[in-house]
Amino acid sequence: MKKIKSLNLVMTAVIVFTLFSCNKNADKSITASTQKGANIEVMINEDGANPDEIAISAKTSLGRSSADASQKHNESSGHFVYTESNAAGTNQIISYRIMGDGTLHYESATGSGGAGTGSGLGSQGAVVIDNNHEWLYAVNAGSNSVSSFKIHSDGSLSLAHTENSHGTTPVSVTVNGDLLYVVNFGSDNIHGFRVGSGGTLSHIDGSTQGLSGTGVAAPQISFTPNGHLLIVTEKATNNISSFKVNGDGSAGPDVVTASTGATPFGFDFARNNLMIVSNAAGGAAGAGSATSYKLRGNGVPDAVNGAVANYEAAPCWVAVTQHGRFAYVTNTASNSVSSYYVAPWGGLYLAHQVAASTDNGPVDIVVAKNNYNVYEVNGKSGTIGEYRRTLLGGLDYIGNVSGLPASVTGLATY
């Protein structure tokens with residue numbers, strides 16, 4: 001059993017009770033001025049109106065017996081986790097069923113229609129699922145292509161279509177409705193597709209756009225929640241590039257903004273469409289941080305309260321809880337997960353420097369659809385770690401599944 005570290009945050013029965021009973025509009029009274037110097041536990045509580053906390057309280061108050069937990073182990077939750085081998089030669093999408101107790105059960109491996117690189121991609125979003133969890137999309141970085149897969153009711157996959165990525169070394173994809181975009185690490189460009197019936201991928205004229213330069217080392221592309229913009233982080237230039245999505249699905253030229261924090265890497269969107277970006281700081285020991293950004297209409301990101309340190313090494317991947325109150329960040333060089341609280345006004349606060357210790361080389365992280373379980377994949381160990389969320393941004397270790405290749409990359413769930 002791994003040792004789970006946490007801050008010395010005291011949780012009383014009064015606070016748990018309050019979570020269920022207080023005014024649900026209370027977060028409107030929490031502002032930047034009132035939060036300065038405030039106790040983080042009080043902020044997270046949000047006068048009992050924090051829905052991400054209420055979800056945990058509801059789960060833990062049920063208090064399963066050991067016998068009940070054993071019985072639930074063999075029941076399926078009806079949800080799944082997917083990753084990709086990124087193996088050289090034949091890339092595969094590997095599927096796991098989420099069991100009732102949060103553990104993962106291996107289901108199958110499906111050929112992706114392309115090749116991986118045989119080594120880690122250093123990216124977030126190599127595998128993504130659409131909002132209706134009908135289609136899964138993945139990059140084939142070793143053969144410069146993107147594939148679509150039909151997700152069946154039992155979680156199994158069928159390869160639908162594979163198409164050239166219109167560049168070299170695709171590492172990240174993003175989907176919004178019938179639009180799919182990829183960022184090509186090797187050729188420093190993005191390219192778009194229209195998703196048709198049966199998962200067919202058709203190239204969009206005018207969708208290819210360059211990044212801010214050459215050799216920018218882009219790790220992720222993502223639509224904003226409203227689908228109006230595409231965002232790409234650039235590790236080598238310390239820039240964030242934004243692209244307007246036109247009515248025909250094409251992308252406009254990039255708007256380039258210097259990041260707040262060195263080596264911007266993975267990102268996810270929290271409450272009020274805030275963008276939470278990890279800053280790997282070149283992997284320097286103790287130098288990691290994360291930044292909360294508000295996006296202007298033209299895509300320019302404005303940092304809310306700077307680069308908030310987590311004192312770990314190489315924070316790279318980010319996953320946000322269902323209601324956007326917490327962001328979990330994997331620290332690849334520290335073998336740990338940090339957690340941040342996202343305040344209503346947009347400020348970011350470190351909740352736990354080490355919410356959980358991981359196996360070797362965590363490379364991606366997701367929050368399950370039940371908003372309770374968290375999974376992270378470890379490239380150097382070839383494992384997926386399994387966790388339960390706890391109050392105040394903590395994580396409890398459940399166990400892991402093993403046998404994945406060191407080249408494993410990407411993590412998606414529904």
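Here are some questions and answers about the pocket, cores and salt bridges of this predicted model.

Trainee: What is the volume of the largest pocket, and which strands each supply at least two residues of its lining?

Mentor: The volume comes out at about 1200 Å³. The strands that each give at least two lining residues are E4 (127-129), E8 (170-176), E13 (220-223), E17 (264-269), E21 (315-320), E25 (362-367) and E29 (409-413).

Trainee: Which lining residues are closest to the centre of that pocket?

Mentor: The lining of the largest pocket has 41 residues. By class, 22 of them are nonpolar, 15 polar and four charged. The closest to the centre are Ile129, Asn131, Asp268, Phe269 and Lys369.

Trainee: On to packing. Which residues touch the most other members of the largest nonpolar core?

Mentor: That core holds 43 residues. There's also a second, separate core of 31 residues, with Val182, Ile204, Phe223 and Leu230 among them. Back in the largest core, the ones touching the most other members are Tyr96, Leu104, Tyr328, Tyr375, Ile384 and Leu395.

Trainee: How far apart in sequence are the parts tied together by arginine 271 and glutamate 46?

Mentor: These two form a salt bridge, with their closest N and O atoms 2.7 Å apart. Arginine 271 sits in the loop between E17 and strand E18 (275-279), while glutamate 46 is in the loop between helix H3 (40-45) and helix H4 (51-62), so the parts they tie together are 225 residues apart in sequence.

Trainee: Is that pair buried or exposed, and which residues make up the salt-bridge network?

Mentor: Arginine 271 and glutamate 46 are both buried. The structure holds five salt bridges. The linked network consists of Glu46, Arg271 and Arg325.

Trainee: In the salt bridge of glutamate 107 and arginine 97, what is the relative accessible area of arginine 97?

Mentor: Their side chains meet at 3.3 Å, N to O. Glutamate 107 lies in strand E3 (residues 104-111) and arginine 97 in strand E2 (residues 92-99), so the pair ties together parts ten residues apart in sequence. Glutamate 107 is partly exposed at 33%. Arginine 97 falls under the 20% cut-off for buried, with a relative accessible area of 19%.

Trainee: And where does aspartate 178, the partner of arginine 194, lie?

Mentor: In this salt bridge the closest N and O atoms are 3.1 Å apart. Both ends are partly exposed, arginine 194 at 30% and aspartate 178 at 35% relative accessibility. Arginine 194 is in strand E10 (residues 189-195), and 16 residues away aspartate 178 is in the loop between E8 and strand E9 (179-184).

Definitions and conventions:
Residues numbered from 1 in each chain as written. Predicted model: local features only at pLDDT ≥ 70, side-chain atom pairs only at ≥ 80, totals over all residues. Heavy atoms only, no water. 1 Å grid on protein atoms, 1.4 Å probe; cavity = no way out; pocket = protein on both sides within 12 Å on 5 of 7 lines; lining within 4 Å. Points joined across faces, edges and corners; volume = space filled by probe spheres on them. Helix = DSSP H or I, 4+ residues; strand = E, 2+ residues; numbered from the N terminus. Nonpolar A, V, L, I, M, F, W, Y, C, P; charged D, E, K, R; others polar. Core = buried A, V, L, I, M, F, W, Y, C linked by side-chain atoms within 4.5 Å. Buried < 20%, exposed > 50% of the residue type's maximum accessible area, 1.4 Å probe, protein only. Salt bridge = Lys/Arg side-chain N within 4 Å of Asp/Glu carboxyl O.
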